[in-house]
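Subject: Structure handover

Hello,

Here is the structure for you to take over. My notes on what was found in it follow below.

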Amino acid sequence: MLALTLTADLSGVTDLLPLDTQDEPFFYTFKVQCTSCRETHPNWVSVNRFESTDISGSKGEANFVWRCKACKRESTASIKEAPKAYTQASPPTRQTIITFDCRGLEFTEFQASGEWMAKGLETTTKFTAIDLIEDEWYDFDEKSGEEVSIKDLKWEIRRA
């Protein structure tokens, strides 16, 4: 099991979460490495928790099935549960966003592409369409009259 963790400085917002619904699935984008031959795929790959692919030679399914070009081994990854919200903490703490059951592969890097959402720390304001690709985000909370931000993002993929 691998966990995608985040440490971030949230100011004025909390419950940061990828927009990940059946109607609008979030595509978790990673660099992937074969655990057999250690070859790293040159391109980014995307996984979504609502799509499943058959595993060859098995009755099972996985959210991501990949065959290494170097050693030809087939590997899989499955998302076991919905993502967890990152809550505001001072100082920022490492929190698990989502976990993957990986067989024969490891995710080595995460790219925060896709839509994220959060809510006001002391207000009911909902922030949507948050783009974290630049590793920072700024907005204004009309209800509190304060600037809000997400910055100093540190993504890690760790053993769960």
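A salt bridge here is a side-chain nitrogen of Lys or Arg within 4 Å of a carboxyl oxygen of Asp or Glu. Please keep in mind that this is a predicted model.

Salt bridges

Arginine 67 and glutamate 74 meet that rule, with their closest N and O atoms 3.3 Å apart. Both residues are partly exposed: arginine 67 has a relative accessibility of 43%, and glutamate 74 has a relative accessible area of 24%. The count by this rule comes to nine salt bridges.

Another of them pairs the side chains of glutamate 106 and arginine 38, at 3.6 Å from N to O. This pair links distant parts of the chain, since glutamate 106 belongs to strand β10 while arginine 38 sits in the loop between β3 and β4 (45–47), 68 residues apart. Glutamate 106 has a relative accessible area of 15% and is therefore buried, whereas arginine 38, at 44% relative accessibility, counts as partly exposed.

A further salt bridge is formed by arginine 103 and aspartate 101, whose closest N and O atoms are 3.0 Å apart. Arginine 103 is exposed, with a relative accessible area of 51%; aspartate 101 counts as buried at 15% relative accessibility. Salt bridges with shared partners also join Arg38, Glu106 and Arg159 into one network.

The sheet

Six strands form an open sheet with antiparallel pairing, in the order β7-β8-β9-β1-β14-β13. The edge positions are taken by β7 (64–67) and β13 (137–141); each has a single partner strand, so one side of each has no neighbour in the sheet. From one strand to the next, the twist averages 25°.

Within this sheet, β1 (residues 2–11) and β9 (residues 95–103) run antiparallel and are joined by five bridges. Threonine 5 stands opposite threonine 96 in β9.

Aspartate 20 is placed in the loop between β2 (13–18) and β3 (28–34). Is this residue buried or exposed? Its relative accessible area is 8%, and under 20% counts as buried, so aspartate 20 is buried. The side chain of aspartate 20 makes a polar contact with the side chain of arginine 49, at 2.8 Å. Leaving out residues up to four places away in sequence, aspartate 20 touches Pro25, Phe26, Tyr28, Arg49, Phe50 and Pro83.

Glycine 104 is in the loop between β9 and β10 (105–111). Glycine 104 is buried too, with a relative accessible area of 13%. Beyond its neighbours within four places in sequence, glycine 104 is in contact with Gln33, Cys34, Thr35, Arg73 and Ser75. Glycine 104 and cysteine 37 are 67 residues apart in sequence, and their C-alpha atoms are 9.8 Å apart in space.

Alanine 85 lies in the loop between β8 (74–79) and β9. With a relative accessible area of 30%, alanine 85 is partly exposed. Not counting residues up to four places away in sequence, alanine 85 touches Asp15, Leu16, Leu17 and Gln95. Alanine 85 is also 33 residues from alanine 118 in sequence, with a C-alpha to C-alpha distance of 8.5 Å.

Regards

Technical notes: Residues numbered from 1 in each chain as written. Predicted model: local features only at pLDDT ≥ 70, side-chain atom pairs only at ≥ 80, totals over all residues. Heavy atoms only, no water. Pairing = 2+ DSSP bridges. Helix = DSSP H or I, 4+ residues; strand = E, 2+ residues; numbered from the N terminus. Axes fitted to C-alpha atoms, helices over the stretch in contact; angles between N-to-C directions. Buried < 20%, exposed > 50% of the residue type's maximum accessible area, 1.4 Å probe, protein only. Polar contact = N/O pair within 3.5 Å; in protein donor to acceptor, adjacent residues only side chain to side chain. Contact = heavy atoms within 4.5 Å.
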